[in-house]
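Biologist: I would like to learn how features of this kind are read from a model. Could you take me through them one at a time, with the general idea first and then the case at hand?

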Amino acid sequence: MTYFPEEVVERIFDFLATHRDRNAVSTVCKTWYRVERLSRRSVFVGNCYAVRPERVVARYPRLRSLTVKGKPHFADFNLVPHDWGGFALPWIEAAARGCPGLEELRLKRMIVFDESLELLARSFPNFKVLVLISCEGFSTDGLAAIATYCRVLRELDLQENEMEDRGPQWLSCFPDSCTSLVSLNFACLKGEVNAVSLERLVARCPNLRTLRLNRAVSVDTLSKILARAPHLVDLGTGSFTIDHRAEAYHKLINNFIKCKSLRSLSGFWDATPRCLPAVYPICGNLTGLNLSYAPAIQGADLIKLIRQCSKLQRLWVLDCIGDKGLAVVANTCKELQELRVFPSDVYGEGIAAVTEEGLVAVSSGCPKLISLLYFCHQMTNAALITVAKNCPQFTRFRLCILDPGKPDPVTNQPLDEGFGAIVQSCKDLRRLSLSGHLTDQVFLYIGMYAERLEMLSIAFAGDSDKGMVYVLNGCKNLRKLEIRDSPFGDAALLEDVGKYETMRSLWMSSCDVTLGGCKTLAAKMPRLNVEVINEMDESDELEENPSDLHRVEKMYVYRTVAGPRNDAPDFVWTL
Amino acid sequence: MEEDFRKGEECPHLLDLIPNERDWMVKEVGGGGKGFGVIEEKKLELRLGLPGSEDWPAVMGKQEEHSVESALSLGHYKLCKTSGINPSSVGAKRGFFDTVESKTEVFQQQQQQHPGFLQLQAKGKDLSPKTNGRAEQQSLERKACGSSVAHGSAAAPSRNAAGANNSSQTRTATTPVVGWPPIRSFRRNLASTSKPSLESENGGLETAIKPENGGKGLFVKINMDGIPIGRKVDLKAYDSYEKLPLAVNELFQGLLAAQRDPLAAGNQKNPEEKPAITGLLDGNGEYTLVYEDDEGDKMLVGDVPWDMFVSMAKRLRVLKSSELSASSLLQLGAVTRKRTAAEC
């Protein structure tokens, strides 16, 4: 290959689709390193503290698309203090200086200030795509800046962010000349938007394919929007309540009928059963359906709807669908690939809405199922074994039994065997979340069989250090390990310190790891950041020198070439 | 080997682990229906596999040949530190889950054991391990266990460590745990914050409970032998098999009487004189209740749990019991039920 001119090598590298492949070729020789870095268009940084932004930008000056992730996953469940870190500003600043051609920025679990968004909007004349997932720290003012200055914006995708509402005017900041929008998602916005501005914006963007409205948008506005944009492919409704006897309802149905390209529906806030028939006309074409924000739609109505959705590939529902509803899904949705069943009654013991029966039914009826998130009240080993047999092709399997540490209710045994069957059968399993009563045995199975496993989430499980060691020893592709409330201590942590350099990160909270153990780890592995998060109650005395035997409440370990970070708040100690 | 495994002292729980009420097995499950049904009946098929054979799907393939769709065996289980070189030593009469449990005990307390496979065979065959199994076992030991683990401490596992270690590992859901269940904050309050905003229009919350809505009703057709007009019954209105026959009786009593005595059809004065339809479920009555399930098969009402029946029943039929002997119900094993042939 050294006889080829660099342009040819670059052309060959164009065919490398994955980050891993491109990273690999860059290590072959100096020439390839240079060719690769100068032609690299897209970079993915899984942990924003693993590398300095300046370094990334210096190496890849022609970067067009940057993805950065910040907080650990358990931040989604309020286990990480809000100001732990993960600031977007350094990245935007570095990119503004070094990659003026940046077109796409995707951030997940990061803190994004309005100033950062403004800097972003002004710094990149070709900026096209902004995706913010589970971020916080910004407001509608920041969005206004994006709308105002990003002249060729194609995608503004806000998913599950915590953002402050400072008024509806941001939407009106899109200039009349903005006609390039392809995707607009502001479903997580809590405040009002100006309906007229919205309709006008939709009307002048002929390429709009994805539109996800927020709860404040009325069904009336929705109806008008559908009339203007019948070419939509992905729709998130706003508040979905309408008097089914009114003229407006029939108009809505007619407008839905005109949307022949509609393939995905979500939203449905405040939806009541009588409004659902409005979408019946398009059900037959749907590949994606998210009804998980509509707790008033109960089993029978869900069933009526789902019976018509034979092409469904992705379904998100609440557990009021019941085992019976899942049986209908199993009978109807033969193309189903992803299923998520969320809990609707979180605090009460509640009626057992879905159990192992529903899962078994779906596993047996849906041959293409590869991704599962399932909240249920109980699970049995027998069911899991059956599921494992029916669906050996799972890549993502997340099971959450709502009662922590609950055993198999039929046999009273731990669920080791069930999960063992899953990992043994599903050879392509990349992500796994465990729950229920589990002993070290399940980790033995995971270590033995889960060869492709990349992410493992453990809660209230295991008996001893051995459990964690089995996983660390066995899962050679493990990238992220997150553990809470499990009896793993220093011995497990220090068993194989080199392992953590092969992983992106390790999170342990409410386990048995001590400060001394963390210090030892930090001392042995200079290229890991060992962070101890100590949130003190006001009643606690501030310990100047806590003993090494002190149990650490939250610990986050990650590999890095950037050294200890300089933006850590007081309660985060990098050892 | 057998002795190793069966040492009473080291495996104190072996015999205790088999609950009396469990039907733990030893049957070849053939044509036992779908996995679903088998779970209900708690049949476990256990097979002994040979150490050294790794390919679980291949073994499963063999299972299919024996039409054992309902098998619950877990395939090969390589366990470090078990003495199961001779798989049969596990004992054929052991529930699958039980055995693995007991092996766990052994596992923790014995240091220098070879890994073995844990596929148990119901038939109680004595399979002697193949010699090539050993080399594989040792490589498996290296692979699976890691040296540090295999010779680790003999700390007895605290089986209820989950409870002991962490107060938050309670088995009841009464105390809310931080960050549990693992859902985002906006999902937690979904049920309470969501309310239909059309209260004024209907003079009340528009819920799915109103019958005219058909919201929660599950109406299935029901026909009765000899009566040309069918009815509909709402299965969701009942929560058990007790009330269904009464409802059927109510639906058809009048019609039946009218059939038999057309002259009295209009006579509503003496409802007590109409003969009641009884014995629908126990085989003793003049009529028997059957249903058609989602596969179109005719089934006797009462065999499966109520909830499952409701989910499966597509239509009901009230047959004359004398017809049963001639019908295809026989093929489904209805003969196992004790019935007196009713004379019409």
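Modeller: Let us begin with burial: a residue is called buried when its relative accessible area is under 20%, exposed when it is over 50%, and partly exposed in between, with a 1.4 Å probe and protein chains only. This is a predicted model, in which local features need pLDDT of at least 70 and side-chain atom pairs count only at pLDDT 80 or more, whereas totals for chains, interfaces and linings use all residues. Residues are numbered from 1 along each chain as its sequence is written, chains are lettered from A and ligands numbered from 1 in the order in which they are written, and side-chain values use heavy atoms, with hydrogens and water left out.

Biologist: Is B:Asp225 buried or exposed?

Modeller: B:Asp225 counts as buried, because its relative accessibility is 13%.

Biologist: With which residue does B:Asp225 form a salt bridge?

Modeller: Side chains of opposite charge can pair when their charged atoms come close. The term salt bridge is used here for a side-chain nitrogen of Lys or Arg within 4 Å of a carboxyl oxygen of Asp or Glu. The partner of B:Asp225 is B:Arg317, with the closest N and O atoms 3.3 Å apart. This pair links distant parts of the chain, 92 residues apart, since B:Arg317 belongs to strand E7 (residues 315–320) of chain B and B:Asp225 to the loop between strand E3 (219–224) and strand E4 (231–234) of chain B. Helices (H or I, at least four residues) and strands (E, at least two) are DSSP runs, numbered from the N terminus. B:Arg317, at 28% relative accessibility, counts as partly exposed.

Biologist: In which order do the strands of the open sheet in chain B stand?

Modeller: Strands of a sheet pair through backbone hydrogen bonds, either parallel or antiparallel. Two strands are taken to pair if DSSP finds at least two bridges between them. In chain B, an open sheet of 5 strands runs in the order E4-E3-E7-E5-E6, with mixed pairing. E4 and strand E6 (298–300) of chain B are at the edges with a single partner strand each, so one side of each is left without a neighbour in the sheet. Within this sheet, strand E5 (residues 287–292) of chain B pairs with E7(B) in the antiparallel sense over 6 bridges, and B:Thr288 stands opposite B:Leu319 in E7(B).

Biologist: How many residues of helix H14 of chain A are buried?

Modeller: In helix H14 (residues 356–365) of chain A, 8 of the 10 residues are buried, so this helix is largely enclosed by the rest of the structure. The buried residues of H14(A) include A:Leu359, A:Val360 and A:Val362, and also A:Glu356.
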